[in-house]
Amino acid sequence: QVQVVESGGGLVQPGWSLRLSCAASGFIFRLNGMDWYRQAPGKQRELVAFITIGGSTNYAESVKGRFTISRDNAKNTVYLQMNSLKPEDTAVYYCKPTTTVGYWGQGTQVTVSS
């Protein structure tokens, strides 16, 4: 069954960077697109970025130019490089296979605050 483990979150100051990792198992990673979502307190979960099987990427407008999603099929891992972090990026970040519905990992907390 699908399992993902997100890591790499933390408390950082505005303008700093973080790299999130998502280790996946239970499915054929290289045959699945992967998504990063986030959920801020009191807000709905939103799609931040996705990467296709072929490596094409897409981003929410709010993170374009600052975040980069990438994947390493040899390691069954998807990454989210986050640069120039802003307080509004504060959220729990989740990853999942694009076609999976109803499954979420534990997420990783990102807090951007001075």
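What follows is a short chat about a predicted model of one chain.

Colleague: Quick one first. What kind of model is this?
Modeller: It is a predicted model.

Colleague: How many helices and strands are in the chain?
Modeller: There are zero helices and 10 strands. Along the sequence the pattern reads β-β-β-β-β-β-β-β-β-β.

Colleague: And how compact is the chain for its length?
Modeller: The radius of gyration is 13 Å, close to the 13 Å that the globule rule gives for 114 residues, so the chain is as compact as a globular protein of that length.

Colleague: What box do the C-alpha atoms fill?
Modeller: Roughly 40 × 25 × 20 Å, taken along the principal axes.

Colleague: Let's switch to disulfides. How many does the structure hold?
Modeller: One. The disulfide joins Cys22 to Cys95, with 1.8 Å from S to S.

Colleague: Where do those two cysteines sit in the chain?
Modeller: Cys22 is in strand S3, residues 18-25. Cys95 is in strand S9, residues 91-97.

Colleague: Is the disulfide right-handed or left-handed, and why?
Modeller: The torsion about the S-S bond of Cys22 and Cys95 is about 60 degrees, so the disulfide is right-handed.

Colleague: Are Cys22 and Cys95 buried or exposed?
Modeller: Cys22 is buried, and so is Cys95.

Colleague: What about Ser21? Which strand does it lie in?
Modeller: Ser21 lies in strand S3.

Colleague: Which residues is Ser21 in contact with, leaving aside neighbours within four places in sequence?
Modeller: Val5, Glu6, Ser7, Trp36, Thr77, Val78 and Tyr79.

Colleague: And how far is Ser21 from Asn76?
Modeller: They are 10 Å apart in space, C-alpha to C-alpha. In sequence, Ser21 and Asn76 are 55 residues apart.

Colleague: Back to the whole chain. What share of the contacts with a separation of 6 or more comes from residues 24 or more positions apart?
Modeller: That share is 54%.

Colleague: How much of the chain is buried?
Modeller: Buried residues make up 44% of the 114 residues.

Colleague: Last topic, charges. How many positive and negative ones are there?
Modeller: The chain has 11 positive and 7 negative charges. Their mean positions are 3 Å apart.

Definitions and conventions
Residues numbered from 1 in each chain as written. Predicted model: local features only at pLDDT ≥ 70, side-chain atom pairs only at ≥ 80, totals over all residues. Heavy atoms only, no water. Disulfide = S-S within 2.5 Å. Helix = DSSP H or I, 4+ residues; strand = E, 2+ residues; numbered from the N terminus. Buried < 20%, exposed > 50% of the residue type's maximum accessible area, 1.4 Å probe, protein only. Rg over C-alpha atoms; globule rule 2.2 N^0.38 Å. Contact = heavy atoms within 4.5 Å. Lys, Arg positive; Asp, Glu negative; His and termini not counted. Charge placed at Lys NZ, Arg CZ, Asp CG, Glu CD.
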